[in-house]
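Student: I have a structure open and want to go through a few side chains. Can we start with the aromatics?

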Amino acid sequence: MGFKVTPVEYKMLFEAHFYVLQNTPEVDCYRLEHLTRGEKWLQVEHRRCFIRWVRQRIETELAKPEHCITQTLRWLANEPRRDVIRYSGYGINGYTFHTREHDLRSTTQNSAVTVEFESLHVSSAKDKNPVYANMSYYGVIEDIWELNYTSFKVAVFRCKWVNNKTGVKVDENGFTLVDLNKEGDSSDQFIMASQAKQVFYVSNPNDGRWLVVLTSKPKLYDSGDVCDNIEETPSFSQRLPECEDDQNEDVSYVREDCEGEYIEVDDDGVPFEICSSTPIRKCLVRNTTCFC
């Protein structure tokens with residue numbers, strides 16, 4: 001995959017780094033500590049000052065003679081370098097992803113992406129019993145970055161996400177449809193590459209504005225070979241019934257309700273003589289076609 005190293009705006013780097021901190025298990029205890037400050041404060045301040053706060057918190061811990069700060073935490077607190085590595089394509093978890101710009105020059109589609117998060121669901125502003133549930137988000141990869149934390153790198157995707165309220169629906173047949181023109185929150189653009197799953201968007205013959213989402217399974221790697229995991233590929237629809245395998249191997253595929261004729265054919269498959277007129281089950285003569 002081709003790449004180039006370029007400086008990026010600090011605001012964009014801030015968003016990418018913030019997302020990495022939010023989704024790194026070693027930072028969880030600090031994230032939870034920072035979040036215990038009231039609902040209004042959470043909405044306004046957590047995103048704005050968490051990066052600075054966690055850096056100061058790690059520095060305070062490091063100053064103690066005995067601390068449990070790992071090297072990962074130490075480098076995460078220092079933030080990534082301003083120059084990021086940008087790729088047009090990236091392979092991870094059995095998928096090969098490309099940016100939307102690359103797809104526009106290609107005959108294949110590899111920029112469609114989905115990710116699943118646990119989200120808080122409320123029925124209205126007065127709902128006092130919100131529930132957490134998994135929700136899938138759909139989008140298109142705009143940029144592929146590799147953040148450099150000196151001792152390790154973290155790959156992230158910057159995506160244009162579809163608004164889940166107005167741009168995603170399930171039709172009467174159970175197919176998920178998306179409208180890429182309905183954009184979601186632009187402040188939450190990044191995901192870690194390791195979280196991404198690949199999907200494909202196919203034109204909807206009933207309504208060109210809506211695209212049908214087709215899911216994809218990652219390729220399996222076994223002893224250097226690559227093969228498609230066909231058997232475990234899920235149904236594209238959420239409602240189509242599953243067909244049971246027919247376990248009866250003694251089924252006859254020859255009609256028995258009519259008399260058959262042996263018709264001999266030449267090497268080109270052209271019949272030249274009718275040799276009999278008897279009921280048949282199987283045609284055992286070489287170069288012979290059986291008709292009922």
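Student: Is Tyr137 buried, exposed or partly exposed?

Tutor: Tyr137 is partly exposed, because its relative accessible area is 24% and the cut-off for buried is under 20%. Keep in mind that this is a predicted model.

Student: How many aromatic pairs does the structure hold?

Tutor: There are nine aromatic pairs in the structure. One of them is Tyr95 with Phe97, a tilted pair with 5.6 Å centre to centre and 50° between the planes. Phe117 and Tyr137 also form a tilted pair, at 6.2 Å centre to centre and 50° between the planes.

Student: Where do Phe117 and Tyr137 lie?

Tutor: Phe117 is in strand 5 and Tyr137 is in strand 6, which covers residues 131-148. The pair therefore ties together parts that are 20 residues apart in sequence.

Student: And Phe117, buried or partly exposed?

Tutor: Partly exposed: Phe117 has a relative accessible area of 26%.

Student: Back to the other pair. What about Tyr95, buried or exposed?

Tutor: Tyr95 counts as buried, at 7% relative accessibility. Phe97 is buried too, at 0%.

Student: Which residues are linked into a cluster by ring pairs?

Tutor: Tyr87, Tyr90, Tyr95, Phe97 and Phe157 are linked that way.

Student: New topic. Where is Ser111?

Tutor: Ser111 is in the loop that runs between helix 5 (100-104) and strand 5 (112-121).

Student: Buried or exposed?

Tutor: Ser111 has a relative accessible area of 6%, so it is buried.

Student: What does the side chain of Ser111 make a polar contact with?

Tutor: With the side chain of Asp103, at 2.7 Å. Setting aside residues up to four places away in sequence, Ser111 touches His98, Thr99, Arg100, Asp103, Gly139, Val140 and Ile141.

Student: Last one, Lys169. Which ring does its charged end sit over?

Tutor: The ring of Trp210, with the charged end of Lys169 4.3 Å from the ring centre. Lys169 itself is in strand 8, residues 168-170.

Student: How accessible is Lys169?

Tutor: Lys169 counts as partly exposed, at 38% relative accessibility.

Student: What else is Lys169 in contact with?

Tutor: Neighbours within four places in sequence aside, the contacts of Lys169 are Phe175, Thr176, Leu177 and Trp210.

Student: And how far apart are the C-alpha atoms of Lys169 and Asp179?

Tutor: They are separated by 9.0 Å, and the two residues are 10 residues apart along the chain.

Conventions
Residues numbered from 1 in each chain as written. Predicted model: local features only at pLDDT ≥ 70, side-chain atom pairs only at ≥ 80, totals over all residues. Heavy atoms only, no water. Helix = DSSP H or I, 4+ residues; strand = E, 2+ residues; numbered from the N terminus. Buried < 20%, exposed > 50% of the residue type's maximum accessible area, 1.4 Å probe, protein only. Polar contact = N/O pair within 3.5 Å; in protein donor to acceptor, adjacent residues only side chain to side chain. Contact = heavy atoms within 4.5 Å. Phe/Tyr/Trp six-rings, centres within 6.5 Å; stacked < 30°, edge-to-face > 60°. Lys NZ or Arg CZ within 6 Å of the ring centre and 35° of its normal.
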